[in-house]
Amino acid sequence: MVVNRLWVSVSLAVLLVGCGYPVDPDKWVPDFGIEGDHGAIAINAEDMSGALTARFLSQEEADARALGMCGAGCEIVLRFEGGDACGALASASDGRYGAAEGRVKAATESAAIEQCSLAGGNDCQVQLSGCNS
């Protein structure tokens, strides 16, 4: 029934917003360059939005692009360099977050969740991750 589907959709959206999870996927934006080995993660801790860059030719370019995509109020929280370097950011609904650098994407994501938990987040989830490879 159409009414039941609408109620379930609205209820799910309210539940996700109420738990602090972003319903808008544009809050977390990745951008992958073509052939570089520099990356960065920028975050706006007030509205919990962020951006990740990877595979940029210079660190300055990776930083500038991450800050530009993230917008006003953002700061770089992680830089990663090297052909096999990865970066990840995890956040919790209470605004706590953690970032990590590594060489294997899955392990880097786990490390970001751990850093978020160590910061006091209790429902940390990966929002951004990427590698220069």
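Tutor: Cys 70 counts as buried, because its relative accessibility is 13% and buried means under 20% relative accessible area, exposed over 50%, and partly exposed in between, with a 1.4 Å probe and protein chains only. Before we go on, note that this is a predicted model, in which local features need pLDDT of at least 70 and side-chain atom pairs count only at pLDDT 80 or more, while totals for chains, interfaces and linings use all residues. Residues are numbered from 1 along each chain as its sequence is written, and side-chain values use heavy atoms, with hydrogens and water left out.

Student: Which residue does Cys 70 join in a disulfide?

Tutor: A disulfide is a pair of cysteine sulfur atoms within 2.5 Å. For Cys 70 the S to S distance in such a pair is 2.0 Å, and the residue joined to Cys 70 is Cys 74.

Student: Is the link of Cys 70 and Cys 74 left-handed or right-handed?

Tutor: We already know that Cys 70 is buried at 13% relative accessibility, and Cys 74 also counts as buried, at 16%. For the handedness we look at the angle about the S-S bond, which is -70° for Cys 70 and Cys 74, and the link is left-handed.

Student: How many residues apart in sequence are the parts that the pair of Cys 86 and Cys 131 ties together?

Tutor: Cys 86 and Cys 131 form a disulfide with their sulfur atoms 2.0 Å apart. Strands, like helices, are DSSP runs numbered from the N terminus, where a helix (H or I) has at least four residues and a strand (E) at least two. Because Cys 86 lies in strand β5 (residues 86–91) and Cys 131 in strand β7 (residues 125–131), the pair ties together parts whose separation in sequence is 45 residues.

Student: What is the handedness of the disulfide of Cys 116 and Cys 124?

Tutor: The sulfur atoms of Cys 116 and Cys 124 are 2.2 Å apart in their disulfide. Cys 116 is buried with a relative accessible area of 0%, and Cys 124 counts as buried at 14%. Because the torsion about the S-S bond of Cys 116 and Cys 124 is about -80°, this disulfide is left-handed.

Student: What pattern do the disulfides of the chain follow?

Tutor: By the distance rule for sulfur atoms, the count comes to three disulfides. When the bonded cysteines are counted along the chain, the pattern is 1-2, 3-6, 4-5.

Student: Where is Met 48 placed, and what is its phi?

Tutor: The place of Met 48 is in the loop between β2 (38–44) and β3 (49–56), and Met 48 counts as buried because its relative accessibility is 13%. Although Met 48 is not a glycine, its phi is positive, at about 50°.

Student: Is Arg 55 buried or partly exposed?

Tutor: Arg 55 lies in strand β3, and although it is not a glycine, it has a positive phi of about 65°. Because the relative accessible area of Arg 55 is 25%, the residue is partly exposed.

Student: Which side chain does a polar contact join to that of Ser 49?

Tutor: Ser 49 is found in strand β3, and with a relative accessible area of 9% it is buried. A polar contact is a pair of N or O atoms within 3.5 Å; within protein, one must be able to donate a hydrogen and the other to accept it, and residues adjacent in sequence count only if both atoms are side-chain atoms. At 2.7 Å, the side chain joined to that of Ser 49 belongs to Asp 47.
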